[in-house]
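Please work through the following exercises with the sequence and the coordinates open beside you. Each task is followed by a solution that goes step by step.

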Amino acid sequence: MNVRYRIELSQAERDELTTMLSRGKHAARKLKRAQILLAADAGSSDDAIARAVAVGGSTVYRIKRRFVEGNLERALSEEPRPGAERKLTGKEEALLVATACAKPPKGRARWTLELLAGAMVKLTEHKSLSHETVRRRLAENDLKPWRKDMWCIPQVDGEYVARMEDVLDLYAEAPDPKRPVVCFDESPVQLIGEVRQPIPAAPGQLERYDYVVPPQRHRQSLRRHRRASSLAQGQGHRTAGSRRLRPMHARTRRCPLSRRRVHPGGAG
């Protein structure tokens, strides 16, 4: 540490760091870096900063160096950390997700990390796989098969894996304007609306809504309307797409015990 780095913040940078600390909505490491920069700008020594912020002297030195050699954003952000390559490839991660969503082995009520690790060893060329690797990959996909019910795949067999790899290979291809990859998805949406139409705003008058009065508490009065289908379409290699709503006609069925017409999923 023969080089001494001097921190001179601009007023805009001081304001940004002060606002960051007052809100406290960032990670603890980032907040400590902000405290180090502000203390260094105020003229505190490295030892005093290390004691006040409860970090090591090398940490103070690195933050100051990254600010002087780079900028404020670099000083506040995490440096790339060296580490081993991901053990599972993209296809293997997709296979892990599919396995976790499939039915557990016979005699088991649900998948565990150890069972998934063993299944991946059988399905791939890995000689071993730790349950921590499985846990991290599932956490990235927000999957917890041992804690909640999930959509189940009947069986992950050779045919399923082959079709899965065909789809993954398609998305991995370079974009070709002559052969666009078009994605389409549809999901139902329940439409809701006001019980009474709001009164629009006018000069000298705010927009008015209908609210339920006590003792039912203050809340906006809404009611269910028809259902609609949300249709999403776009190119596989682009994030932009289009969406439109198409109203659906409500279907009814007759109750066998009466002549009343009953809406599906509702009471008579």
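The exercises below begin with the whole chain and then turn to helices, cores and charged pairs.

The model is a predicted one, in which local features need pLDDT of at least 70 and side-chain atom pairs count only at pLDDT 80 or more, while totals for chains, interfaces and linings use all residues. Residues are numbered from 1 along each chain as its sequence is written, and side-chain values use heavy atoms, with hydrogens and water left out.

**Exercise 1. The chain as a whole**

Determine how many helices and strands the protein chain has, and what share of its residues counts as buried.

Solution. Begin with the secondary structure, taking helices (H or I, at least four residues) and strands (E, at least two) as DSSP runs numbered from the N terminus; the protein chain then has nine helices and seven strands. Next, apply the accessibility classes, in which buried means under 20% relative accessible area, exposed over 50% and partly exposed in between (1.4 Å probe, protein chains only); of the 268 residues, 25% count as buried. Then turn to contacts, defined as heavy atoms within 4.5 Å: among the contacts with a separation of 6 or more, 54% come from residues 24 or more positions apart. Finally, with areas from the Shrake-Rupley method and a 1.4 Å probe, where for residues only the protein chains shown count as cover, the protein chain exposes about 20300 Å², of which carbon and sulfur atoms supply 50%.

**Exercise 2. The two sides of α7**

Work out which residues of helix α7 are buried, and which exposed residues the face turned away from them carries.

Solution. In α7, which spans residues 113–123, the buried residues are L113, L116, A117, A119 and M120. Viewed down the helix axis, these buried residues of α7 fall within an arc of 165°, so they line one face of the helix; the arc is that of the directions from the helix axis to the C-beta atoms. The face turned away from this buried side carries the exposed residues E114 and K122.

**Exercise 3. The nonpolar cores**

Find which residues of the largest nonpolar core touch the most other members, and which helix gives the most to this core.

Solution. A nonpolar core is a set of buried Ala, Val, Leu, Ile, Met, Phe, Trp, Tyr and Cys residues joined through side-chain atoms within 4.5 Å. The largest has 21 residues, and those touching the most other members are L95, L96, L116, M120, V134, L138 and V156. Helices α6, α7, α8 and α9 (158–172) each supply at least two residues of this core, and α6 gives the most, with six residues. A second, separate core of 19 residues includes L17, V60, I63 and F67.

**Exercise 4. Charged pairs within and between helices**

Identify which residues form a salt bridge with D169 and with E140, and which residues are joined with E140 into one network.

Solution. A salt bridge is a side-chain nitrogen of Lys or Arg within 4 Å of a carboxyl oxygen of Asp or Glu, and by this rule the count comes to eleven. D169 pairs with K91, the closest N and O atoms being 2.9 Å apart. Because D169 lies in helix α9 and K91 in helix α6, the pair ties together parts that are 78 residues apart in sequence. D169 is partly exposed, with a relative accessible area of 34%, and K91 is also partly exposed, at 34%.

E140 pairs with R137, the closest N and O atoms being 3.0 Å apart, and the two are separated by about one helical turn because they are three residues apart in helix α8. R137 counts as buried at 10% relative accessibility, whereas E140, at 47%, counts as partly exposed. Salt bridges that share partners join R86, E93, R137 and E140 into one network. Of these, E93 lies in helix α6 (residues 90–101) and is buried, with a relative accessible area of 16%.
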